[in-house]
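Look at the model below before reading on.

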Amino acid sequence: MNQETRRSVVASLLSVVVGVAIAWAGSQHGRLVAGVPVFALCAVLAFAINWIVFVPAYLLQTERYFDLAGSFTYVALIAVALRATESPSPRALLLAGLVVVWTVRLGSFLFDRILREGTDGRFDRLKPSAPRFFMSWTLQGLWVLLTLSCALAAMTSVNSEPLGALGGVGAVIFVLGFVIEVTADRQKRRFRANPKNFGRFIPSGLWAWSRHPNYFGEIVLWSGIALIALPGLSGWQHVTLISPVFVYLLLTRVSGIPLLETRATQKWGQDPDYCAYRERTPVLFPRPPRARR
């Protein structure tokens, strides 16, 4: 077993361990089905769905259904959580509705993109290795669980606190982040659809304010979800508020910005226009564009 394979196995095991820990915390003060916490059932399902889809994906050597499987996992967990609750609270219904809208939009967007482009460069070195490719699907299971954790804990909680003003504030923040993410994605798609822009980077629209405005929107909207969920949490369930922090760390330290920044530097690092764009445009948090020199 080489070093990369060993790291992949360790990462998969650690992902499961973290999943077990968050499942325990989220299950406290939560509803039960046949004596089993609903949150824990959802945690098992998050990993199981991705492990099942991994098998044909590896055999066919395709990542085409990776993002679609992630979106399906979100919807499946929400459906289980609502089904296990006899009369979902307004908070649970609001959280479920917002997350479903987000995941259906993002999942369809990403699936359409990979159908058009045919491949995702992130998986070129992972697909040939079963342990490394399996790690990706395991991490996706953990990603769904951790990202959804505070919403899922609030939806399955026995705590019946009213939605309150904080819920309204959280909803507004979610909508703001959602609009930013959708707008950024649409601007980039229109830019790339123009043949004149083939092989170029996008320096306009929200992308003049941030090099990754879609990721900024993602962090904002999950912060809104956490605010909506907060009053419905009790005791150890508060650990699930790691959700927006996890999203931030994932996008800024692991699979999002670092990979894209490296690829962009490799592609346009010698382009004076790109170098000037990098200098005047923040990597994540938006700032009004400065005039070009």
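At what angle do helix α6 and α7 pack, and how far apart are their axes? The model is predicted, and in it the angle is about 165 degrees, with the axes 7 Å apart. Helix α6 covers residues 164-193. Since angles over 145 degrees count as roughly antiparallel, α6 and α7 are therefore roughly antiparallel to each other. Their crossing is left-handed.

**Helix pairs**

Two packed helices are described by the angle between their axes and the distance between the axes.

| Pair | Angle between axes | Axis distance |
|---|---|---|
| α6 and α7 | about 165 degrees | 7 Å |
| α1 and α2 | roughly 155 degrees | within 8 Å |
| α5 and α8 | roughly 140 degrees | within 6 Å |

Take α1 and α2 next. Helix α2 runs over residues 38-60. Its axis and that of α1 cross at roughly 155 degrees, so the two helices are roughly antiparallel to each other. Which residues meet there? From α1 come Ser 15, Val 16, Gly 19, Ile 22, Ala 23, Gly 26 and Ser 27. From α2 come Phe 39, Ala 40, Ala 43, Phe 47 and Trp 51.

Now α5 and α8. Their axes cross at roughly 140 degrees and come within 6 Å. These two helices are therefore oblique to each other. On the α5 side, the contact is made by Trp 143, Leu 146, Thr 147, Ser 149 and Cys 150. On the α8 side, Ile 242, Ser 243, Phe 246, Val 247 and Leu 250 take part.

**Helix α9**

Helix α9 has 12 residues, 257-268. How far apart are its end C-alpha atoms? They are 16 Å apart. At 1.5 Å a residue, the helix should span 16 Å, so the two values agree.

Which residues of α9 are buried? They are Ile 257, Glu 261, Ala 264 and Trp 268. These residues cover an arc of only 65 degrees around the axis, which puts them on the same side of α9. What covers them includes α7 (213-229), α8 (242-254) and α10 (272-280). The face turned away from the buried side carries the exposed residues Gln 266 and Lys 267.

**Two serines in helices**

Ser 15 lies in helix α1, residues 3-27. Is Ser 15 buried or exposed? Its relative accessibility is 3%, so Ser 15 counts as buried. Leaving out residues up to four places away in sequence, Ser 15 touches Phe 47, Thr 138, Leu 139 and Leu 142. Ser 15 and Gly 141 are 126 residues apart along the chain. Even so, their C-alpha atoms are separated by 8.6 Å.

Ser 136 lies in helix α5, residues 130-156. At 8% relative accessibility, Ser 136 counts as buried because the cut-off is under 20%. With residues up to four places away again left out, Ser 136 touches Phe 66, Phe 123 and Leu 126.

**Residues in loops**

His 29 sits in the loop between α1 and β1 (32-33). His 29 has a positive phi of about 60 degrees, although it is not a glycine. With a relative accessible area of 46%, His 29 is partly exposed.

Ala 34 sits in the loop between β1 and β2 (36-37). Ala 34 is not a glycine either, yet it has a positive phi of about 55 degrees. Its relative accessibility is 81%, so Ala 34 counts as exposed.

Asn 159 lies in the loop between α5 and α6. Its relative accessible area is 23%, and Asn 159 is partly exposed. Which residues does Asn 159 contact, leaving aside its neighbours within four places in sequence? They are Pro 231, Gly 232, Leu 233 and Ser 234. Val 18 is 141 residues from Asn 159 in sequence. In space, the two are 25 Å apart, C-alpha to C-alpha.

**One more residue in a helix**

Val 55 is found in helix α2. Its relative accessible area is 44%, and Val 55 is partly exposed. Val 55 and Ile 202 are 147 residues apart in sequence. Their C-alpha atoms are 37 Å apart in space.

Technical notes
Residues numbered from 1 in each chain as written. Predicted model: local features only at pLDDT ≥ 70, side-chain atom pairs only at ≥ 80, totals over all residues. Heavy atoms only, no water. Helix = DSSP H or I, 4+ residues; strand = E, 2+ residues; numbered from the N terminus. Expected span 1.5 Å × (residues − 1). Buried < 20%, exposed > 50% of the residue type's maximum accessible area, 1.4 Å probe, protein only. Arc of directions from axis to C-beta. Contact = heavy atoms within 4.5 Å. Axes fitted to C-alpha atoms, helices over the stretch in contact; angles between N-to-C directions. Parallel < 35°, antiparallel > 145°, perpendicular 65-115°, else oblique. Left-handed = near helix turned anticlockwise from the far one by under 90°.
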